[in-house]
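Trainee: Please take me through one part of this model in close-up. I would like to look at the pocket.

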Amino acid sequence: MKGEPASGFQTLLGYTLVRWDEGVAEVELTIAPQHRNRGGVLHGGALMTLLDTVMGFAATHCTVPGHSRRVVTLSLSSSFLGAVAEGTVVARGTLLGGGRKIVGCRGEVRRKDDGALLASAEGMFKYSPGSENPEGTPR
């Protein structure tokens, strides 16, 4: 997908940005052995990473090619609702709103095959200087 180059952490985990529009983003992860906990299911830390990531993307869509926007996570509140050991999961983040510098987002992770809800979260994010504006700053 066009947009941001993959980060090192994204490359390490192997998730893919599949949608990035104003106020909404989606990432997908195909579960591999390195994503599972000792119980053999997708690790909660991987779920939290997907949630944090997709909500950050939802808050930082940029309207100008070659520019970017950044946020830092201020808080995350999560609920783990299901487990999955294999297949692909889809995380979706939505910008809820907020002020000029701090915004709130909601996220969910679902199994791709049947849509079962695995985890949900809400978070607060602070824009980096220059990122408050939809046109962002040059990369």
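**The largest pocket**

Mentor: The largest pocket holds about 360 Å³ of space. A pocket here is an open set of points on a 1 Å grid over the protein atoms alone, where a 1.4 Å probe fits, with protein on both sides within 12 Å along at least five of seven lines. Its volume is the space filled by probe spheres set on the points, which are joined across faces, edges and corners. This is a predicted model: local features need pLDDT of at least 70, side-chain atom pairs count only at pLDDT 80 or more, and totals for chains, interfaces and linings use all residues. Residues are numbered from 1 along each chain as its sequence is written, and side-chain values use heavy atoms, without hydrogens and water.

Now the lining. It has 18 residues, each with an atom within 4 Å of a point. Nearest the centre lie Thr 53, Gly 56, Phe 57, Thr 60 and Val 71. By class, 8 lining residues are nonpolar, 6 polar and 4 charged. Nonpolar means Ala, Val, Leu, Ile, Met, Phe, Trp, Tyr, Cys and Pro; charged means Asp, Glu, Lys and Arg; the others, Gly among them, are polar.

Which elements supply the lining? α1 (8-13), α2 (44-59) and β4 (71-80) each give at least two residues. α2 gives the most, with 4. Helices are DSSP runs of H or I, at least four residues; strands are runs of E, at least two; both are numbered from the N terminus.

Follow β4 into the sheet. The 6 strands form an open, antiparallel sheet in the order β1-β2-β5-β6-β7-β4. β1 (16-21) and β4 are the edge strands, each pairing on one side only. Pairing takes at least two DSSP bridges between two strands.
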